[in-house]
Structures are given as C-alpha cells and as structure tokens.
Amino acid sequence: MGEHRYEVEVTWSGATTGYRDYTRDHELHADGRPPIAATSDPKFRGDKTRWNPEQLLVASLSDCHMLWYLHLCAEAGIVVTNYHDTAEGIMDDVRFQQVTLRPRVTIRQPEMTERAAALHTEAHKKCFIANSVNFPVAHEPTIIVAD
C-alpha cells in the first residue's frame, strides 16, 4: 500500500509562569477540518469540557475498529444498521494497560449473527491503530438483530 502521511498542527499560547498558572487548553488542527478543542486530563489541571490525549487515543482505537468492521460486514453481505461503542481505556501512572471496546452492533439478518460477531476479530487484525500500540485491545461485542 505504500507510505501514508498524516499531518496535524497543535497550537497553544499563554505563559508558563508556574505549574499551576498556565492553561493546558490548546487546539488540534488538520487541513480542511474543524479544530478540536483539547487540553490535558482534568487530573493534570485540564478542562473537563475539552478532549484530552488519552481520550483521543481510546477514540482512535474505537473509530479504526468500527471503520474496518463496517468494511468487512459490507464485503460479507451483512447489513449493519447501527453501531455504538462504549470504549474504555485503563492507564496507570505511566502508560495504558488496556483498552476494551464494547461495540453494540445491530444487523438485519438473524442468520448472520455468528459471522457478524466473528468479524470483530478480523477487524482487530486490520486496524492500523491497534497494530501500532503496545498494550492489549480487548473486544466485547454484542450483536443485536433488528426487528
């Protein structure tokens, strides 16, 4: 597939006059996209109304998995009508220990339930982000058949 490049800009302004005195608020930018209001985790003096890097990492894992999963379902002829993940990352003082994805997937065909569940394993193998981290990414999928 070749090399792919991803460029982002991080902008911050203020004055680091003391640890408690400077703002952790900043913006993430990528060409042609709306900025993301970011900060540090509230435990490290960040604003709880903005995204922090830890949340963005968990979101990236969840998002990448979902996109691969939907791709694989489309190829397999499985009609997905809803996908909702409540992902959770666990971190100690130094690094992430694990991320758990809990996707709830609604499909149309009851006969495809087993295959739909199995495709989560394949999606995990293909996820670029999951292949790039050094901690386990677990999956606890639930498959629901639409009425």
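These are my notebook entries on one predicted protein model.

**Ground rules**

I am working from a predicted model, where local features need pLDDT of at least 70, side-chain atom pairs count only at pLDDT 80 or more, and totals for chains, interfaces and linings use all residues. Residues are numbered from 1 along each chain as its sequence is written, and side-chain values use heavy atoms, with hydrogens and water left out.

**Entry 1: the fold overall**

I began with secondary structure, taken as DSSP runs numbered from the N terminus: helices are H or I of at least four residues, strands are E of at least two. The protein chain has two helices and nine strands, and along the sequence they run β-β-β-α-β-β-β-β-α-β-β. Its radius of gyration is 18 Å, well over the 15 Å that the globule rule gives for 147 residues, so the chain is more spread out than a compact globule. For my own record, that radius is taken over C-alpha atoms, and the rule is 2.2 Å times the number of residues to the power 0.38. I also noted the box that the C-alpha atoms fill, roughly 65 × 35 × 30 Å along the principal axes.

**Entry 2: burial and contacts**

How much of the protein chain is buried? I find 26% of the 147 residues, where buried means under 20% relative accessible area, exposed over 50% and partly exposed in between (1.4 Å probe, protein chains only). Next I looked at contacts, meaning heavy atoms within 4.5 Å. Among those between residues at least 6 apart in sequence, 53% join residues at least 24 apart.

**Entry 3: the nonpolar cores**

I define a nonpolar core as a set of buried Ala, Val, Leu, Ile, Met, Phe, Trp, Tyr and Cys residues joined through side-chain atoms within 4.5 Å. The largest has 12 residues, including Tyr 69, Tyr 83, Val 105, Ile 107, Met 112 and Ile 143. At least two residues of this core come from each of α1 (53-76), β7 (103-107) and α2 (113-126). Another core, of 10 residues, lies apart from it, with Val 58, Cys 64, Leu 101 and Val 137 among them. A reminder to myself: in soluble globular proteins, nonpolar side chains tend to be buried together.

I then listed what Ile 107 touches beyond four places in sequence; Ile 78, Met 112, Ala 116 and Ile 143 are among the residues there.

Val 105 and Arg 104 were my next stop. Buried or partly exposed, I asked of Arg 104? Arg 104 is partly exposed at 42% relative accessibility, while Val 105 is buried at 0%. Setting aside neighbours within four places, Val 105 contacts residues including Tyr 69, His 120 and Ile 143. Arg 104, counted likewise, touches Asn 82, Tyr 83, His 84, Thr 142 and Ile 144. I also checked Val 105 against Thr 81: they are 24 residues apart along the chain, with C-alpha atoms 7.7 Å apart.

**Entry 4: Arg 45**

I found Arg 45 in the loop between β3 (36-38) and α1, partly exposed at 38% relative accessible area. From Arg 104 to Arg 45 I noted 34 Å, C-alpha to C-alpha, across 59 residues of sequence.
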